[in-house]
Amino acid sequence: MNAFGKYLIIANYYFYEMDIEILAFGIAKDIVNGSSFTMQLPAESTVGSLKAQLCATYPDFERLASFAIAVNEAYRQDDYTISDKDEVVIIPPVSGG
Amino acid sequence: MIDIQLKDVPLSTEECNQLVAFAGAGGTVVFVGTVRDQTKGKKVVRLEFEAYKPMAISEMRKIAEVAKEKWSADKIAIHHRVGVLDIGEIAVIIAVATPHRKAAFEACEYAIDTLKETVPIWKKEIFEDGEVWVAAHP
């Protein structure tokens with residue numbers, strides 16, 4: 001591979017966007033007006049950047065007491081990296097029991 | 001014996017009681033959470049529960065595993081209801097049987113307190129003049 005080819009691959013890697021299918025429950029369903037939707041995120045997006053994008057797109061998320069993100073059926077911290085095959089779920093404040 | 005269930009049909013305290021029974025049991029604590037008819041003086045008509053099912057089950061299982069680890073409470077049943085519930089219906093049952101009562105009380109209290117914090121289940125209160133997702137807003 002010449003230097004130019006390598007550059008192209010790197011550029012492609014950084015600007016690639018992925019479509020993430022996101023599931024919503026509880027009040028999150030009302031906020032996004034559906035139980036699932038697709039969001040375009042830059043490759044290597046984290047849970048933290050997804051939360052920021054959700055708040056920017058749907059300001060009602062900022063009015064919640066809190067909200068968490070689950071990826072592949074477990075709570076994830078803000079630094080967790082999301083991949084395009086992941087199951088991503090918005091978890092508004094839970095109220096079972 | 002850990003028995004975790006998420007059901008859309010009525011829950012049974014007798015079933016949970018029997019599930020955790022064992023010859024070495026000295027005490028069984030059964031917590032039964034029911035639908036109350038009012039919230040802050042406002043009349044509740046019914047409740048609707050929904051769950052992110054696979055994770056609700058795995059989070060309830062985690063709670064049971066901690067109870068087992070911390071209080072040696074290895075006979076525990078956690079059953080939670082989903083769907084539409086009328087006043088007085090059972091939303092959740094947690095049954096714990098242990099050789100001595102103290103461990104059963106503590107493990108049961110831990111289980112219901114933690115369930116309310118971590119298990120992805122949501123409750124909507126339906127009033128005569130509107131509805132609200134419980135705990136959603138500060």
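Predicted model: local features only at pLDDT ≥ 70, side-chain atom pairs only at ≥ 80, totals over all residues.
Residues are numbered from 1 along each chain as its sequence is written, and chains are lettered from A and ligands numbered from 1 in the order in which they are written.

**View 1. The elements of chain B.** Chain B holds three helices and nine strands, where helices (H or I, at least four residues) and strands (E, at least two) are DSSP runs numbered from the N terminus. Their order from the N terminus is β-α-β-β-β-α-β-β-β-α-β-β, and the C-alpha atoms fill a box of roughly 50 × 25 × 25 Å along the principal axes.

**View 2. The open sheet of chain B.** Four strands, with mixed pairing, follow the order S1-S5-S7-S2, two strands being paired if DSSP finds at least two bridges between them. The edge strands, each pairing on one side only, are S1 (2-7) and S2 (27-34) of chain B.

**View 3. The pairing of S1 with S5 in chain B.** Strand S1(B) runs parallel to S5 (residues 75-81) of chain B, and six bridges join them. Within this pair, Lys7(B) stands opposite Arg81(B) of S5(B).

**View 4. A helix on the sheet of chain B.** Helix H1 (residues 13-20) of chain B packs on the sheet and touches S1, S2, S5 and S7 (90-98) of chain B, contact requiring C-beta atoms, placed from the backbone, within 7 Å. The direction of H1(B) makes about 25° with that of S7(B), with axes fitted to C-alpha atoms, for helices over the stretch in contact, and angles running from 0 to 180 degrees between N-to-C directions.

Conventions
Contact = placed C-beta atoms within 7 Å.
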